[in-house]
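Colleague: I am still learning to read models of this kind, and I would like us to take a careful look at a single part before we turn to anything else. Please build the answer up slowly, so that I can follow along on the screen.

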Amino acid sequence: MIRLWMAYLQLAELFLSSIIHLLYGFYIFSTGVAGDLSQALSDYFYKSKVNIEVKEEMRKDRNDDLPPIVLLHGIFGFGKGRLGGLSYFAGAEKKDERVLVPDLGSLTSIHDRARELFYYLKGGQVDYGEEHSIAYGHSQFGRIYEQGHYPEWDEDHPIHFVGHSAGAQVARVLQQMLADKAFKGYEDTSENWVLSITALSGAFNGTTRAYLDGMQPEDGTTLKPICLLQICRIGSIIYDWLDISMLKTYYNFGFDHFNMSWRKTGISGLVDCLLGNAGPFASGDWILPDLTLQGSIKLNYNLHTFPNTYYFSYATKRTRKILGVTLPSSITGIHPLLFIRVLQMTQWRHPSDVPLPYKGYRDEDWQDNDGALNTISMTHPRFPIEHPNHFIEKDSDCEPLQPGIWYYKFVEGDHILFIINRERAGVQFDLIYDDIFGRCRRHAFRKKLPTLPNEIHH
């Protein structure tokens, strides 16, 4: 009887979580459509588009020496050009003269995103790597960028990366690939192509939410038979199989290199993917296995913190201890999409019959969270080896920044407070992003100091 009651509660929770996530997804999609319609009407009636384009081109020419700041989205995220005029970073990209917002796969693996990011910047056809492509069963080559967004990128023209959530880990993997000279035809790459990495709620060490959503804690790669991620899996497979160009132009999960379209696989291909015999979910080459504790540790084994790069991290949390018990710190301050998960993550306990993910693991270390990531995971790379780090309370504690050290601070906020909806974050939004962009422009110039935005010359 007790087991039946528990099963009922779990199904009810799954139903509620699914509805909340679907409604939020529909809200984001409809907001993008509404923004597109509004812009189209504005352009039609006020004829302002030409003037805006001219001003942007003039501004770009005036700041060619300024190192770009590249904003990297997280899971289910999107870059410039997707979802109409909607900004994943809630317009933060307008705070600086030279900001790029690439659109990477929203559900693709960290490896595949890092490869896509390289060619987005340098130009050319995305090469996922022959060995990797064979191992995970997808095409070696992907999207073609006729013109790179920063083709001069090299050690003398390095880049600042700012990653939200999984975007921070993408920047680290890309930097390691540059150090390892992992891109065919580019034998001169090095870790010094990266000037700085800033993480906003960065997914460095995995999250216990991956298990709550359906990843099996036994291996960190397979899914439970009934879970939220199974719904996500089925939905994304059908979305890619239908291959409706208008919809995929608007939003894309990023699995085009798996060739799941009905045009290439037919009905049998859809059945194979749904049954788990083919596709990214069968091979494990998608984002969630990288976000488990086991997957993050596997990634971190090969990632270094480099001595000439500046590192900074903002770790968010929406929990506090009350009489020794970790609970959500607010009801109204946590997005409805995340409130249940904040509570569940405080109560997570690693299964007693499953080997610990690392030596010294303790459940209590992973209780503080922001609804998507555990706070311990966001400060700096910790597992399996802790990287050089320094906790700060205020920015003056790290003036000037020293390279090769992960500086980190704690921020009271949930996982999506600083994206999508600027009004929700209020004054905190400007404080955070002004700090981020200001730090990039003040501290991290390895060569000559370039012209700063809006600097007046006499």
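Which residue's side chain does the side chain of aspartate 103 meet in a salt bridge?

Modeller: Please keep in mind from the start that this is a predicted model. The side chain of aspartate 103 meets the side chain of arginine 82 in a salt bridge, with 2.7 Å from N to O. Aspartate 103 sits in the loop between strand 2 (99-100) and helix 3 (110-122), whereas arginine 82 sits in the loop between strand 1 (69-72) and strand 2, so the pair ties together parts that are 21 residues apart in sequence. Aspartate 103 has a relative accessibility of 14% and counts as buried because that value is under the cut-off of 20%. Arginine 82 also counts as buried, at 14% relative accessibility.

With that pair in view, we can turn to the salt bridges elsewhere in the chain. The structure holds 16 salt bridges, and another one of them is formed by the side chains of aspartate 243 and lysine 248, at 3.6 Å from N to O. Aspartate 243 is found in the loop between helix 7 (228-242) and helix 8 (245-250), and its relative accessible area of 19% makes it buried. Lysine 248, with a relative accessibility of 9%, counts as buried too. If neighbours within four places in sequence are left aside, aspartate 243 is in contact with Lys248, Ser261, Trp262 and Arg263.

A further salt bridge joins the side chains of arginine 318 and glutamate 412, with 3.2 Å from N to O. This pair links distant parts of the chain, since arginine 318 belongs to the loop between strand 7 (310-317) and strand 8 (319-322) while glutamate 412 belongs to strand 11 (residues 406-412), and the two are 94 residues apart. Arginine 318 is buried, with a relative accessible area of 14%, but glutamate 412 counts as partly exposed, at 33% relative accessibility. Salt bridges can also share partners, and in this way Asp240, Asp243, Lys248, Asp256 and Arg263 are joined into one network.

The structure holds two cavities of 30 Å³ or more, and about 60 Å³ of space lies in the largest cavity. Ten residues line the largest cavity, and Ser196, Thr198, Tyr310, Leu401 and Arg439 are the ones that lie nearest its centre. Strand 6 (194-200), strand 7 and helix 16 (427-443) are the elements that give two or more residues to this lining. The lining of the largest cavity divides into seven nonpolar residues, two polar ones and one charged one.

Some places in the backbone also deserve a careful look. The peptide bond from phenylalanine 383 to proline 384 is cis, with omega near 10°, and proline 384 lies in the loop between helix 14 (375-378) and strand 10 (389-391). Serine 165 has a positive phi of about 60° although it is not a glycine, and you will find serine 165 in the loop between strand 5 (159-164) and helix 5 (166-179), where it counts as buried at 4% relative accessibility. Asparagine 259, which is likewise not a glycine, has a positive phi of about 55°. Asparagine 259 is found in the loop between helix 8 and helix 9 (262-274), and with a relative accessible area of 25% it is partly exposed.

Arginine 362 counts as partly exposed, at 43% relative accessibility, and it is 13 residues from arginine 349 in sequence and 9.0 Å from it in space, taken from C-alpha to C-alpha.

The protein has 16 helices and eleven strands, and buried residues make up 53% of its 458 residues. Of the contacts with a separation of 6 or more, 71% are between residues 24 or more positions apart. The accessible surface of the protein comes to about 22,000 Å², and 59% of that surface belongs to carbon and sulfur atoms.

Technical notes. Residues are numbered from 1 along each chain as its sequence is written. This is a predicted model: local features need pLDDT of at least 70, side-chain atom pairs count only at pLDDT 80 or more; totals for chains, interfaces and linings use all residues. Side-chain values use heavy atoms; hydrogens and water are left out. A salt bridge is a side-chain nitrogen of Lys or Arg within 4 Å of a carboxyl oxygen of Asp or Glu. Helices (H or I, at least four residues) and strands (E, at least two) are DSSP runs, numbered from the N terminus. Buried means under 20% relative accessible area, exposed over 50%, partly exposed in between (1.4 Å probe, protein chains only). On a 1 Å grid over the protein atoms alone, a cavity is a set of points where a 1.4 Å probe fits but cannot get out, and a pocket is an open set with protein on both sides within 12 Å along at least five of seven lines; lining residues have an atom within 4 Å of a point. Grid points are joined across faces, edges and corners, and a volume is the space filled by probe spheres set on the points. Ala, Val, Leu, Ile, Met, Phe, Trp, Tyr, Cys and Pro count as nonpolar, Asp, Glu, Lys and Arg as charged, and the others, Gly among them, as polar. Contact means heavy atoms within 4.5 Å. Accessible areas come from the Shrake-Rupley method with a 1.4 Å probe; for residues, only the protein chains shown count as cover.
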